[in-house]
Amino acid sequence: QVQLVESGGGLVQAGDSLRLSCAASGRTFTSYDMGWFRQAPGKEREFVAAIRWSSGSPYYADSVKGRFTISRDNAKNTVYLQMNSLKPEDTGVYYCNAALRDAGSGRLDEDYWGQGTRVTVSS
């Protein structure tokens, strides 16, 4: 059924770049919001970026705005997160998310998660 598989994480130095990929399968994601969340040790999972599959409209957390870029490739059914100017505070496990919400109320009707890919940024 629905599968989200992240890749591209690794160990980098502050100021470096990484490109994360999320391969999505098992569903037509036209009506979905595709997002990236991250979780640092001892902290709750937080929103990083999201993109409406249909329009490509992106949304970013203030902490990554201007540094990260989310995009999607319709042919490959893949969502990307280009991360530039990485900071130590970007360290964490990054999870891909697919969410189907009611357009009017915002109610979460479907919610899927990948297994995560680890990003470590050293200072």
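Select Asp73 and Thr78 to begin: in this predicted model, Thr78, which belongs to β8, is the bridge partner of Asp73. Next, colour the whole of β7 together with strand β8, residues 78-83. These two strands pair in the antiparallel sense, over 6 bridges.

**The disulfide**

Now display the side chains of Cys22 and Cys96. They form a disulfide, with their sulfur atoms 2.0 Å apart. Cys22 lies in strand β3 (residues 18-25) and Cys96 in strand β9 (residues 92-101), so that the pair links distant parts of the chain, 74 residues apart. The structure holds 1 disulfide. The angle about the S-S bond is -80°, and the link of Cys22 and Cys96 is left-handed.

Are these two cysteines buried or exposed? Cys22 has a relative accessible area of 0% and therefore counts as buried, the cut-off being under 20%. Cys96 is likewise buried, because its relative accessible area is 0%.

**The largest pocket**

Select Asp33, Phe47, Ala50, Ala99 and Arg101. Of the 14 residues that line the largest pocket, these lie nearest its centre. The elements that give two or more residues to this lining are β4 (33-39), β5 (46-52), β9 and β10 (108-113). Which element gives the most to the lining? It is β4, with 4 residues. The space in the largest pocket is about 200 Å³. Colouring its lining by class shows 8 nonpolar, 2 polar and 4 charged residues.

**The second largest pocket**

Finally, select the lining of the second largest pocket, which includes Thr30, Ser31, Tyr32, Asp33, Arg52 and Ser54. The volume of the second largest pocket is about 170 Å³. The strand that gives the most to its lining is β9, with 3 residues. By class, the lining divides into 4 nonpolar, 4 polar and 4 charged residues.

Conventions. Residues are numbered from 1 along each chain as its sequence is written. This is a predicted model: local features need pLDDT of at least 70, side-chain atom pairs count only at pLDDT 80 or more; totals for chains, interfaces and linings use all residues. Side-chain values use heavy atoms; hydrogens and water are left out. A disulfide is a pair of cysteine sulfur atoms within 2.5 Å. Buried means under 20% relative accessible area, exposed over 50%, partly exposed in between (1.4 Å probe, protein chains only). On a 1 Å grid over the protein atoms alone, a cavity is a set of points where a 1.4 Å probe fits but cannot get out, and a pocket is an open set with protein on both sides within 12 Å along at least five of seven lines; lining residues have an atom within 4 Å of a point. Grid points are joined across faces, edges and corners, and a volume is the space filled by probe spheres set on the points. Ala, Val, Leu, Ile, Met, Phe, Trp, Tyr, Cys and Pro count as nonpolar, Asp, Glu, Lys and Arg as charged, and the others, Gly among them, as polar. Two strands pair if DSSP finds at least two bridges between them.
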